[in-house]
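Okay, thanks for having me, everyone. Let me put the structure up and then talk you through the packing and the charged pairs.

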Amino acid sequence: MTPPPLRLETLSGEALRAALPGLSRLRLAVFAEWPYLYQGDAAHEARYVAAYAEDPGAAVVVAFDGDAPVGMATCQPMETAGGPVPGAFRARGLDPARICYFGESVLLPAYRGRGAGVGFFAAREAHARRLGLTEAAFCAVVRNPNDPRRPPGHVPLDGFWRRRGYAPRPDLSCVFHWRETGDDRETPHVLSFWLKALA
């Protein structure tokens with residue numbers, strides 16, 4: 001029997017604040033996997049997710065199984081995004097004021113293949129259009145395909161992203177620092193961008 005689709009809700013402001021504890025746990029669980037291998041801490045994750053509730057242009061699309069959040073995808077005007085992302089676009093002569101930045105999309109493994117990924121993109125693109133933004137962009141970590149830590153049978157998401165209408169921009173990249181599983185310090189990681197024009 002095919003399981004039912006997950007319920008997706010686009011949350012912002014006060015509605016988002018009520019869901020914050022579960023969302024920070026989701027990020028920790030999913031980003032610990034390949035290809036990010038991210039070793040975060042609960043306090044940092046709580047602050048990170050809470051920033052979306054403070055940004056009036058931001059939204060988080062949450063996938064629920066019943067009342068339990070099992071996935072999330074974030075978006076916000078690129079102009080208000082923290083870190084190196086807006087600067088990477090300005091350095092290439094691109095205007096962040098036109099772009100909605102999709103910060104991450106995480107879903108617990110047991111719930112994959114049930115349409116949440118497609119729904120995350122559709123809901124975030126709808127939010128971007130409501131804000132009057134004309135493009136959407138996200139970035140993905142660059143890994144060596146021969147990295148011995150890569151799980152057997154791992155399939156990159158490039159094909160899925162292309163089917164959603166996104167195209168890679170190898171000329172656009174930025175560097176984030178995080179601590180990988182088993183490390184005692186943060187190290188730099190290159191992330192490359194994918195873009196789509198919103199009709």
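**Packing, bends and salt bridges**

Let's start with Phe102: leaving out residues up to four places away in sequence, Phe102 touches Thr74, Cys75, Phe121, Arg124, Glu125, Ala136, Ala137, Phe138 and Tyr166. Touching, or contact, here means heavy atoms within 4.5 Å.

Quick housekeeping before I go on. This is a predicted model, where local features need pLDDT of at least 70 and side-chain atom pairs count only at pLDDT 80 or more, while totals for chains, interfaces and linings use all residues. Residues are numbered from 1 along each chain as its sequence is written, and side-chain values use heavy atoms, with hydrogens and water left out.

Back to Phe102, which is among the residues with the most contacts inside the largest nonpolar core, along with Leu16, Leu23, Tyr36, Phe89 and Phe193. That core has 50 residues. Which helix gives the most to this core? Helix α1, residues 13-31, with seven residues. There's also a second, separate core of ten residues, and it includes Leu6, Val61, Ala73 and Phe120.

A nonpolar core is a set of buried Ala, Val, Leu, Ile, Met, Phe, Trp, Tyr and Cys residues joined through side-chain atoms within 4.5 Å. Buried is under 20% relative accessible area, exposed is over 50%, and partly exposed is in between, with a 1.4 Å probe and protein chains only. Helices (H or I, at least four residues) and strands (E, at least two) are DSSP runs, numbered from the N terminus.

So, helix α1. The buried residues of α1 are Leu16, Ala19, Leu20, Gly22, Leu23, Ser24, Leu26, Arg27, Val30 and Phe31. What do they pack against? The list is β1 (7-11), α2 (42-54), β2 (59-65), β3 (68-77) and β5 (105-107). Helix α1 also has a kink of about 60° at Leu20, shortly before the proline Pro21. The bend at a residue is the angle between axes fitted to the seven residues ending there and the seven starting there.

Now the charges. The model holds twelve salt bridges, each one a side-chain nitrogen of Lys or Arg within 4 Å of a carboxyl oxygen of Asp or Glu. An α-helix has 3.6 residues a turn, so residues three or four places apart point the same way. Glu14 is exposed, at 60% relative accessible area, and Arg17 is partly exposed, at 29%.

Arg17 also forms a salt bridge with Glu54, with the closest N and O atoms 2.9 Å apart. Arg17 is in α1 and Glu54 in α2, so this pair ties together parts that are 37 residues apart in sequence. Glu54 counts as exposed because its relative accessible area is 55%.

Then there's Arg27 with Glu45, where the closest N and O atoms are 2.4 Å apart. This pair links distant parts of the chain too, Arg27 in α1 and Glu45 in α2, 18 residues apart. Buried or exposed, these two? Both Arg27 and Glu45 are buried.

At 13% relative accessibility, Leu37 counts as buried.

Ala140 is in β6, residues 135-141, and counts as buried at 10% relative accessibility. Leaving aside neighbours within four places in sequence, Ala140 is in contact with Tyr36, Trp161, Val190, Leu191 and Ser192. Of those, Val190 is found in β8, residues 187-197, and is partly exposed, at 41% relative accessibility.

That's where I'll stop, so over to you for questions.
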